[in-house]
Amino acid sequence: MPKVKTNRVKYPEGWELIEPTLRELQAKMREAENNPHDGKRKCEALWPIFKIAHQKSRYIFDLYHRRKEISKELYEFCMDQGYADRNLIAKWKKVSLKPVLSEICSVRILSFSLLLQVKMPGYERLCCLRCMQPRDHNFATTCVCRVPKHLREEKVIECVHCGCRGCASGD
């Protein structure tokens, strides 16, 4: 006799701690999707949806990477189930390896055993992935929200894609 497949998801340990917040954000998302967008531009109707998706991803990112309050299993479960954007979180935690020169080598040999992980600034506050893709913008650049505030001509701006008012790391 064949096995009967069920669609029941087994929740990992610790799920009950984050479930209320994620359910609340899901309800906000449903409400934002169903809101009428009369009188708004087509892109403006999507801004609340982008904002809530960013909040969910940031919540899970902070719980795992900053506060260390959830397990890796629960973190991966949230990613697999679509509670957070895996690609956006990958940009937030982007790390670069830089070789460091050994000071005591008179032979001038680059010491690769002394590799340090240095966090590359610029993506830790990224609002959405569309804002950094050059193909979506004029002149193959990034979005205006990625420009630091002190370099902007206009002081108050809004991103066309997600409504962000500034996600540059220097702000």
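## Surface and overall make-up

The model is a predicted one, in which local features need pLDDT of at least 70 and side-chain atom pairs count only at pLDDT 80 or more, while totals for chains, interfaces and linings use all residues. Residues are numbered from 1 along each chain as its sequence is written, and side-chain values rest on heavy atoms, with hydrogens and water left out.

Four helices and two strands form the secondary structure of the chain, these being DSSP runs numbered from the N terminus (H or I of at least four residues for helices, E of at least two for strands). Along the sequence they follow the pattern α-α-α-α-β-β. Of the 171 residues in the chain, 32% are buried, where buried means under 20% relative accessible area, exposed over 50%, and partly exposed in between (1.4 Å probe, protein chains only). With contact taken as heavy atoms within 4.5 Å, 52% of the contacts between residues at least 6 apart in sequence join residues at least 24 apart.

## The pairing of helix 1 and helix 2

The axes of helix 1 (residues 15–34) and helix 2 (residues 47–66) come within 9 Å and cross at roughly 170 degrees, which makes the two helices roughly antiparallel. The axes are lines fitted to C-alpha atoms, for helices over the stretch in contact, with angles running from 0 to 180 degrees between N-to-C directions; angles under 35 degrees count as roughly parallel, over 145 as roughly antiparallel, 65 to 115 as roughly perpendicular and the rest as oblique.

On the helix 1 side the contact includes L17, I18, L22 and M29, and on the helix 2 side it includes I49, I52, Y59 and L63. The residues of this contact divide into 13 nonpolar, three polar and three charged, with Ala, Val, Leu, Ile, Met, Phe, Trp, Tyr, Cys and Pro counted as nonpolar, Asp, Glu, Lys and Arg as charged, and the others, Gly among them, as polar.

A nonpolar core is a set of buried Ala, Val, Leu, Ile, Met, Phe, Trp, Tyr and Cys residues joined through side-chain atoms within 4.5 Å. The largest has 21 residues, and those with the most contacts inside it are W15, I18, L22, I60, I70 and C78. Helix 1, helix 2, helix 3 (72–80) and helix 4 (86–92) each supply at least two residues of this core. Apart from it lies another core, of 10 residues, among them C128, C143, C145 and C164.

Within helix 3, L74, Y75, F77, C78 and M79 are buried, and the buried residues of this helix pack against helix 1, helix 2 and helix 4. G82, which follows helix 3, has a positive phi near 85 degrees.

S57 is placed in helix 2 and counts as buried because its relative accessibility is 1%. Leaving aside neighbours within four places in sequence, S57 is in contact with Y83, A84, D85, L88, I89 and W92.

K51, also in helix 2, is by contrast exposed, with a relative accessible area of 58%. K51 and G163 are 112 residues apart in sequence, yet 8.1 Å apart in space, C-alpha to C-alpha. K68 lies in the loop between helix 2 and helix 3 and is exposed at 62% relative accessible area; although K68 is not a glycine, its phi is positive, at about 55 degrees.
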